[in-house]
Amino acid sequence: MENVVGGLSGAMGHVTNYLSEDPHFPCNILDQKYVGACYYYQTSHIMRLVRNDFRDVAIVCAEAPDHARFSCFSSMGRDVGAAAKLRGHDAELAIKYCGYVLAPEYRVACIQGAVTNWFWEARSADSALAFCRTLSDNLAKDHCYDSIMR
């Protein structure tokens with residue numbers, strides 16, 4: 001992406017000062033009470049910056065402040081779910097992408113985000129349940145089912 005007049009240029013040539021080449025911006029300039037919510041939506045921007053490489057998204061989320069990491073990895077999971085949904089609800093692909101998250105508690109956040117993305121649509125409910133069944137890690141499986149049964 002190209003910086004234009006201090007902002008970030010998008011595909012349509014629109015320039016904004018609200019995003020930059022820094023994958024943590026604007027979350028890293030907000031008051032503490034907004035940082036977690038910011039990171040819950042930040043991975044859409046991070047994905048553009050790292051050219052849709054989930055391994056790099058996991059690295060950026062691991063760099064987020066401690067109190068915002070769960071939100072960032074949940075957001076990554078939402079993006080993972082969307083990507084796997086485009087591949088016919090490919091549970092193995094979602095598990096692979098969430099596998100780039102090294103810490104187990106954050107890998108679970110990614111799994112939860114992915115399955116929630118699928119379960120939002122009634123027609124994807126069966127795929128979401130099948131996704132949970134696919135998981136071999138019992139902690140991830142429990143959290144997966146918990147995410148769609150709440």
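Met76 is in contact (heavy atoms within 4.5 Å) with Thr43, Phe54, Val57, Ala58, Tyr97, Val101 and Cys110, leaving aside its neighbours within four places in sequence. Met76 is also among the residues with the most contacts inside the largest nonpolar core. The model is predicted; local features need pLDDT of at least 70, side-chain atom pairs count only at pLDDT 80 or more, and totals for chains, interfaces and linings use all residues. Residues are numbered from 1 along each chain as its sequence is written, and side-chain values use heavy atoms, with hydrogens and water left out.

**Overall architecture**

- The chain has seven helices and three strands; helices (H or I, at least four residues) and strands (E, at least two) are DSSP runs, numbered from the N terminus.
- Along the sequence, these elements follow the pattern β-β-β-α-α-α-α-α-α-α.
- Of the 150 residues in the chain, 44% are buried, where buried means under 20% relative accessible area, exposed over 50%, and partly exposed in between (1.4 Å probe, protein chains only).
- Among contacts in the chain with a separation of 6 or more, 52% are accounted for by residues 24 or more positions apart.

**Nonpolar core**

- The largest nonpolar core has 41 residues, and those with the most contacts inside it are Phe73, Met76, Val80 and Phe131.
- A nonpolar core is a set of buried Ala, Val, Leu, Ile, Met, Phe, Trp, Tyr and Cys residues joined through side-chain atoms within 4.5 Å.
- Two or more residues of this core come from each of α1 (32–49), α2 (54–63), α3, α4 (91–98), α5, α6 (125–134) and α7 (138–149).
- Helix α5 gives the most to the core, with eight residues.

**Packing of α3 against α5**

- Helix α3 (residues 69–86) and helix α5 (residues 104–119) have axes that come within 6 Å and cross at roughly 45°.
- Axes are lines fitted to C-alpha atoms, for helices over the stretch in contact, and angles run from 0 to 180 degrees between N-to-C directions.
- The contact of α3 with α5 comprises eleven nonpolar, six polar and four charged residues, with Ala, Val, Leu, Ile, Met, Phe, Trp, Tyr, Cys and Pro counted as nonpolar, Asp, Glu, Lys and Arg as charged, and the others, Gly among them, as polar.

**Ala82**

- Ala82 lies in helix α3 and counts as partly exposed, at 34% relative accessibility.
- Ala82 and Ala94 are twelve residues apart in sequence, and their C-alpha atoms are 9.2 Å apart in space.

**Backbone features in loops**

- The peptide bond from Phe25 to Pro26 is cis, with omega near 10°; Pro26 lies in the loop between β3 (15–16) and α1.
- Arg51, in the loop between α1 and α2, has a positive phi near 55° although it is a residue other than glycine.
- Arg51 counts as exposed, at 69% relative accessibility.
- His89, in the loop between α3 and α4, is not a glycine but has a positive phi of about 60°.
- His89 is partly exposed, with a relative accessible area of 22%.
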